[in-house]
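Subject: Structure handover

Hi,

Here is the structure you asked about. My notes follow below it.

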Amino acid sequence: MNIKPLGDRVLVLPAPAEEKVGSIIIPDTAKEKPLHGKVVATGNGTKDEEMFLKEGDEVLYGKYSGTELEYEGTKYLMMRQSDVLAVIG
């Protein structure tokens, strides 16, 4: 990964959105944004807040958290560590 977040920021790979509910296929326009993903890169933290997230952590985040960016055809979210609500597992 060539992206290195700065300070207290983390780079998250969002989980894929639901494609089907039962036997009904959901169109792209009606899909909900996923609210969980995997941390793929972290910053070093700040002098006031140490970085406790690490690469590989599965996390939950708010609906409007982070900034969307695309790198080499893959969509990521860049957000502050404080935007992460919980670590799964």
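Thr 67 has Met 78 as its bridge partner in strand S7. Strands here are DSSP runs of E, at least two residues, numbered from the N terminus. This is a predicted model: local features need pLDDT of at least 70, side-chain atom pairs count only at pLDDT 80 or more, and totals for chains, interfaces and linings use all residues. Residues are numbered from 1 along each chain as its sequence is written, and side-chain values use heavy atoms, with hydrogens and water left out.

**Pairing around S7**

Strand S6 (residues 67–71) pairs with S7 in the antiparallel sense, over 5 bridges. Pairing requires that DSSP finds at least two bridges between two strands. S6 and S7 form a hairpin with 2 residues between them. In the turn, Glu 72 has a positive phi of about 50°. S7 also pairs with S1, again antiparallel, over 4 bridges. There, Val 10 has Met 79 as its bridge partner in S7.

**Cores**

The largest nonpolar core has 10 residues: Val 10, Val 12, Val 39, Met 51, Leu 53, Val 59, Tyr 61, Leu 77, Met 79 and Val 84. A nonpolar core is a set of buried Ala, Val, Leu, Ile, Met, Phe, Trp, Tyr and Cys residues joined through side-chain atoms within 4.5 Å. Buried means under 20% relative accessible area, exposed over 50%, partly exposed in between (1.4 Å probe, protein chains only). Strands S1 (9–14), S5 (58–61) and S7 (74–80) each supply at least two residues of this core. Apart from it lies another core, of 6 residues, including Ile 3, Leu 11, Ala 41 and Met 78.

Leu 77 touches (heavy atoms within 4.5 Å) Val 10, Val 12 and Tyr 61, among others, not counting residues up to four places away in sequence. Its list also includes Ser 65, Gly 66 and Thr 67.

**Val 39 and Asp 57**

Val 39 is found in strand S4 (residues 36–42). Val 39 is buried, at a relative accessible area of 1%. Beyond its neighbours within four places in sequence, its contacts include Val 10, Val 12, Lys 54, Asp 57 and Val 59. The C-alpha atoms of Val 39 and Lys 54 are separated by 6.9 Å, with the two residues 15 apart along the chain.

Asp 57 sits in the loop between S4 and S5. Is Asp 57 buried or exposed? Buried, with a relative accessible area of 11%. A polar atom of its side chain lies 3.0 Å from the backbone nitrogen of Lys 54. Beyond four places in sequence, Asp 57 is in contact with Gly 37, Lys 38, Val 39, Phe 52 and Val 87.

Best wishes

Terms used: A polar contact is a pair of N or O atoms within 3.5 Å; within protein, one must be able to donate a hydrogen and the other to accept it, and residues adjacent in sequence count only if both atoms are side-chain atoms.
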